[in-house]
Amino acid sequence: MIAVKAKDKLLALEAELGKQGLLSDTPPSERALASTTPFACDVMPFEQWLQFIFLPRMHQILDNNIPLPTAMNIAPMAEHVWADKTDYRHIISILTELDNLVSKA
């Protein structure tokens, strides 16, 4: 049940990123994808991290029945990065719901 809800939240997140024009057609470099810095903030914008690292990894976890993380705190980073972007409140809301859903699993 949690996996289905999480999958729905991921799809909603991707749709909202697209609606806000935050999806990129160009993937980050291999170097950027290999970043070990939290949220790869040293080499790519947060929205690219969501699109090219977070979303694919979460889909992989759910599609392969890999246990979900025991705690997730993505929304606070979104709030920090987009503090002045009121248009992105819905993205942050989806991330908050996803954080709460996964952390309760």
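**View A. Packing of helix α1 against helix α3.** In this predicted model, α1 and helix α3 (residues 46-63) pack at an angle of about 160 degrees with their axes 10 Å apart, where axes are lines fitted to C-alpha atoms, for helices over the stretch in contact, and angles run from 0 to 180 degrees between N-to-C directions. That makes α1 roughly antiparallel to α3, a term for angles over 145 degrees. Helices are DSSP runs (H or I, at least four residues), numbered from the N terminus. The crossing of α1 and α3 is left-handed, meaning that the near helix is turned anticlockwise from the far one by less than a right angle. From α1, the residues A3, A6, K7, L10, L11, L13, E14 and L17 meet L50, F54, L55, M58, H59, L62 and D63 of α3, contact being heavy atoms within 4.5 Å. The residues of this contact divide into 11 nonpolar, one polar and three charged; Ala, Val, Leu, Ile, Met, Phe, Trp, Tyr, Cys and Pro count as nonpolar, Asp, Glu, Lys and Arg as charged, and the others, Gly among them, as polar.

**View B. Packing of helix α1 against helix α5.** The axes of α1 (residues 2-19) and α5 (residues 89-104) come within 10 Å and cross at roughly 165 degrees, which makes α1 roughly antiparallel to α5. This crossing of α1 and α5 is left-handed. The contact involves I2, K5, A6, K9, L10, A12, L13, E16 and L17 on the α1 side, and H90, I91, I94, L95, E97, L98 and L101 on the α5 side.

**View C. The largest nonpolar core and F54.** Among the 32 residues of the largest nonpolar core, F46, L50, F54, W82 and L95 touch the most other members; such a core is a set of buried Ala, Val, Leu, Ile, Met, Phe, Trp, Tyr and Cys residues joined through side-chain atoms within 4.5 Å, with buried meaning under 20% relative accessible area (1.4 Å probe, protein chains only). The elements giving two or more residues to this core are α1, α3, α4 (75-81) and α5, and its largest share, eight residues, comes from α3. Neighbours within four places in sequence aside, F54 contacts L10, L13, W49, M72, I74, L95 and L98.

**View D. T26 in the loop between α1 and α2.** T26 lies in the loop between α1 and α2 (30-33) and is exposed, with a relative accessible area of 54%, exposed meaning over 50%. Apart from neighbours within four places in sequence, T26 is in contact with Q48 and F52.

**Notes.** Residues are numbered from 1 along each chain as its sequence is written, and side-chain values use heavy atoms, with hydrogens and water left out. Because this is a predicted model, local features need pLDDT of at least 70 and side-chain atom pairs count only at pLDDT 80 or more, whereas totals for chains, interfaces and linings use all residues.

Definitions and conventions
Parallel < 35°, antiparallel > 145°, perpendicular 65-115°, else oblique.
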